[in-house]
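Here is a short report on a structure with several chains.

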Amino acid sequence: MNLGEITPGARHVFAVFRQETKNDAHVHVGDVHAPDAEMALVLAKEQFARRDPCVNLWVVRYCDIDATRYEDADMLEPATDKSYRFGGSYREQQRVYRRR
Amino acid sequence: MSVQHDAPDDPENLAAFESRLAANDRVEAGEWMPARYRAECLRLIQMHANSELMGALPEREWIPRAPTLSRKMALVAKVQDEIGHAQLLYRVAEDLGKPRAQMIEELMAGTSKFHNVFHYPAETWADVAVIQLFVDGAAMQTQGSLRSSSYAPYARVLKRICYEEDFHIRLGLDNFKTLAEGTPAQRAMLQDALNRWWEPLMHFFGPHDQASPHLEMMMRWRIKVKTNDELRQQFLRQFVPVILEYGMQVPDPGLRWDEPRNHYAYTEPDWDVFKRVSRGEGPKSRARLDLRNRYHAQHRWVREAVARWEMAA
Amino acid sequence: MTGLWAAPDAPEVLREGPSREALRALLLAMADDELMLGHRHSEWTGFAPDIESDVALSSIAQDEIGHARILYEQVAALDGTVPDTLAFDRTPSEFRNAILTEQENGDWAYTIVRAWLYDHADAVRLAALAASPLGSFAALAKTLQREEKYHLLFGNAWFTRLAGAGGESRARLQVALDTAWADAAALFEPTPGIERLVDDGLLHRGPAGQAALWAATVGPRLGALGLEVQVDQAVLAAAGGRAGWHTPALTQLLDEMTSVWRTDPRARW
């Protein structure tokens, strides 16, 4: 699904991603209306970074974002037992490992 | 895109939607939703956005007159937040099917509403304190409850909005306290503001809810989370003590805590006034819209320039 | 007495009359500029052409008023008063801001042109302070520079787009430029004793050098955008904000700005 399909004027609506510190990933915090990407960054700064400091901002046009469908959300959750992927499933090893 | 109120929804989709909401699931912009649900969410959020944009006006009149440098900066920051909230909310409303520019045009034309409380004048500096503390305090009740709205994009922006409203209320309390502990003239100005704002505040949450299929549906769909009376009582419980603590008067001789019924009893405000104001016949309804229209018209060439730039970009 | 004057690295000259007075005059003029422009920007809060720019300009307004306060603190430390007294308890002729900053907002084109010209001038002015060998002085300038960077970004973004859109937009920009240019050049009208600060080594570059640097920065950029400016030395000579000469716009601004405070100047607000 292209997010431009649900967003009116998607070419001039930019998603804003904010990176709090270099130790963090960029997180979507909202959107701005702007004629182009440069202006979107200028405007995003005060709408989304005026209180809490951050180190970096990204902007992306809505029409350039593709997304999965919420109808398919079940696909994003494992259906069968995948506990073997998690360390917590190996209790004995954990006990030995922790003791060291 | 116009929203059809009576477009029949596919019964299977509708049943699935109802059971999802019953299981506490939330709705995202691109998902299927009943036409009625879309229309109600859009109406609510568009009006909320309008109210933030128009709600900036009474206080902004006092920015040039704020009596200290720090009051001036804080007031600009506060009004700026309201404009920022309008930005967030129009964006959410937009994805329900109406472009932002169209919503602004509807506001200008008077065909979409903004909240009753913003149809009143802000006559003195004390009005700023009362608006920040009590109007924002009232708004916090509604907005706080709607953080559990079923419409996820709305619930998400309300988290940030409530975070900022908390600053407004604290700022308001600081302003209120300064005047309440100030000179006799400052106290008198504060009491006068409180007297004038009390009825609009009692109107804030709307009339008593009447049981109806519409109300039942709004609650079931979690577009409305608490009743008007619940919110009003919540507001009174939080803010009547604040007024009394600073030795100010609640301008309602009928207001008292009713212990057995565990709520505040109060004198009914005049609901005919409420209806008139809702129709846009409040003391400042016309003037505020006219002012906004004047600037909107003044900026026409800017919008055209931006549109030309967009084409070129 | 605290402030720059008392900084450990403050030179001997700042402890006596003329240099100290010259520094006070410069800081007061800068503070008054920032307060007036911040006040004018804040008049747009709620009424800018689009919601996002409304938020952005409101931040810039807060920054400028905040800068005024920081600078007033320095002057107040010397005078034994407080920033709010300097802001609220002076007559128009006691203000030392350049006339550019007190003018009414006019349209969005004038607002952007004024901000753009002012922020470029302020950048030159702050650079001259930031290069001062007096560390505390330079540190203050660098603090202000950090926020001015965004003001320039915002001004440039709007300025280039309004110019690039052509038609009425460009025409309005040219009219605004014609109106603002001479007032903007007068930002470099010398404050009393400023050359002494250069001689003392406290200021890296004097007003004439700053004005030339500013003109060399904005001139070519205007040229590249196809905008023109008329340089009229006679108008420049008629400046006077730094000597306390102002337009009725300042009287009106101060009347409004101090209206609540004046009801009881001794009250806490």
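## Chain C as a whole

Chain C has twelve helices and zero strands. Helices (H or I, at least four residues) and strands (E, at least two) are DSSP runs, numbered from the N terminus. Read from that end, the order in chain C is α-α-α-α-α-α-α-α-α-α-α-α. The model is predicted: local features need pLDDT of at least 70, side-chain atom pairs count only at pLDDT 80 or more, and totals for chains, interfaces and linings use all residues. Residues are numbered from 1 along each chain as its sequence is written, while chains are lettered from A and ligands numbered from 1 in the order in which they are written.

The C-alpha trace of chain C spans about 55 × 45 × 35 Å along its principal axes. Its radius of gyration is 18 Å, which agrees with the value near 18 Å for a compact globule of 269 residues. That radius is taken over C-alpha atoms, and the globule rule is 2.2 Å times the number of residues to the power 0.38. Buried residues account for 52% of the 269 in chain C. A residue is buried if 20 or more other C-beta atoms lie within 10 Å of its own, exposed if 12 or fewer, and partly exposed in between; C-beta atoms are placed from the backbone.

Among chain C contacts between residues at least 6 apart in sequence, 77% join residues at least 24 apart. Contact here means C-beta atoms, placed from the backbone, within 7 Å.

## Confidence

The average pLDDT of chain C is 93, and 96% of the residues score at least 70. pLDDT is the predictor's confidence in each residue, from 0 to 100. For the model, ipTM is 0.96 and pTM is 0.96.

## Chain B against chain C

This contact takes 35 residues from chain B and 41 residues from chain C. On the chain B side, α2 (35-60), α3 (69-94), α7 (184-203), α11 (285-298) and α12 (300-312) each give two or more residues. The largest share is that of α3(B), with twelve residues. By type, the chain B side holds 19 nonpolar, ten polar and six charged residues. Ala, Val, Leu, Ile, Met, Phe, Trp, Tyr, Cys and Pro count as nonpolar, Asp, Glu, Lys and Arg as charged, and the others, Gly among them, as polar.

## Chain A against chain C

Here twelve residues of chain A meet eleven residues of chain C. On the chain A side, β2 (27-33) and α1 (37-48) give two or more residues. α1(A) gives the most, seven residues. The chain A side divides into six nonpolar, two polar and four charged residues.

## Helix α9 of chain B

Helix α9(B) covers residues 228-245, 18 residues in total. It reaches 26 Å from first C-alpha to last, close to the 26 Å expected at 1.5 Å a residue. The expected span is 1.5 Å times one less than the number of residues. The helix bends by about 30 degrees at R237(B), and P241(B), a proline, follows within four residues. The bend is the angle between axes fitted to the seven residues ending at a residue and the seven starting there.

L231(B), R232(B), F235(B), L236(B) and I243(B) are the buried residues of α9(B). Their cover includes α5 (125-145) and β2 (263-265) of chain B. After the helix comes G247(B), with a positive phi near 70 degrees.

## A155(B)

A155(B) sits in helix α6 (residues 152-180) of chain B. It counts as partly exposed because it has 18 C-beta neighbours inside 10 Å. Leaving out residues up to four places away in sequence, A155(B) touches R26(B), L146(B), R147(B), S148(B) and S149(B). F235(B) is 80 residues away along the chain, with 21 Å between the two C-alpha atoms.

Methods:
Contact = placed C-beta atoms within 7 Å.
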